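Student: Hi! Could you walk me through this structure while I look at it?
Tutor: Happy to. Ask away.

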Amino acid sequence: MRCPRCGGNNDHVLDTRASADNASIRRRRRCNLCGCRFTTHERIERRLPRVIKRDGSREPFARDKIERGLNSACQKRPIKSADLERLIDGIVNAIEQRGLEEIQSQEIGALIMERLRPFDAVAYIRFASVYSAFDNVQQFIEAVRQIDEGNP
């Protein structure tokens, strides 16, 4: 593991803890060269499906794309990092459990929206406005109205 400060690869583990769902391990490390402390996370390497994009192209599944999208949607919201991480883990687990070789990007977006709506309504609207590509203000207003009325 390379130190983020000096780039050295000589460190030792100070502490190891399993995540709440036992899906990953968090390790606190200290660089033996510069003394910098840093955290690493280990996850099981999964066999996830290839993603079929709207234009028909295919690419490997990328958890970090879901993370970036949800981080943007949840920006400046009172959401704990651990809760957001659990939400992302749940989405990735649901995709993996389907056991598919390929999945449409629209299915992933729909799954994210389904899980994000009860999690945080404002984040849901932010994500939906980008994912659904609202063409006008009326579509945006209608999405907010549906949330306010408790409709899907």
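Student: How many bridges join strand β1 to strand β2, and which way do they run?
Tutor: This is a predicted model, to start with. Seven bridges join β1 (residues 11-18) to β2 (residues 24-31), and the two strands run antiparallel. As one example, H12 has R30 in β2 as its bridge partner.

Student: And what about β2 and β3, how do they pair?
Tutor: β2 pairs with β3 (residues 37-43) in the antiparallel sense, over seven bridges. There, R29 stands opposite F38 in β3.

Student: Which residue takes a positive phi in the hairpin of β2 and β3?
Tutor: That's G35, with phi near 85 degrees; the hairpin has five residues between the strands.

Student: Switching to helices: at what angle do α4 and α5 pack?
Tutor: About 150 degrees, with the axes 11 Å apart. Angles over 145 degrees count as roughly antiparallel, so that is what α4 and α5 are to each other. Their crossing is right-handed.

Student: Which residues meet there?
Tutor: A121, Y124, I125 and S129 from α4 meet F140, A143, V144 and I147 from α5. By class, that contact has seven nonpolar residues, one polar and no charged ones.

Student: One more: is I91 buried or exposed?
Tutor: I91, in helix α2 (residues 81-97), counts as buried because its relative accessibility is 0%.

Student: What does I91 touch, leaving out residues up to four places away in sequence?
Tutor: I66, L70, L111, I112 and R115. Also, the C-alpha atoms of I91 and L116 are separated by 9.7 Å, with the two residues 25 apart along the chain.

Conventions
Residues are numbered from 1 along each chain as its sequence is written. This is a predicted model: local features need pLDDT of at least 70, side-chain atom pairs count only at pLDDT 80 or more; totals for chains, interfaces and linings use all residues. Side-chain values use heavy atoms; hydrogens and water are left out. Axes are lines fitted to C-alpha atoms, for helices over the stretch in contact, and angles run from 0 to 180 degrees between N-to-C directions. Helices (H or I, at least four residues) and strands (E, at least two) are DSSP runs, numbered from the N terminus. Angles under 35 degrees count as roughly parallel, over 145 as roughly antiparallel, 65 to 115 as roughly perpendicular and the rest as oblique. A crossing is left-handed if the near helix is turned anticlockwise from the far one by less than a right angle, and right-handed if clockwise. Contact means heavy atoms within 4.5 Å. Ala, Val, Leu, Ile, Met, Phe, Trp, Tyr, Cys and Pro count as nonpolar, Asp, Glu, Lys and Arg as charged, and the others, Gly among them, as polar. Buried means under 20% relative accessible area, exposed over 50%, partly exposed in between (1.4 Å probe, protein chains only). Two strands pair if DSSP finds at least two bridges between them.
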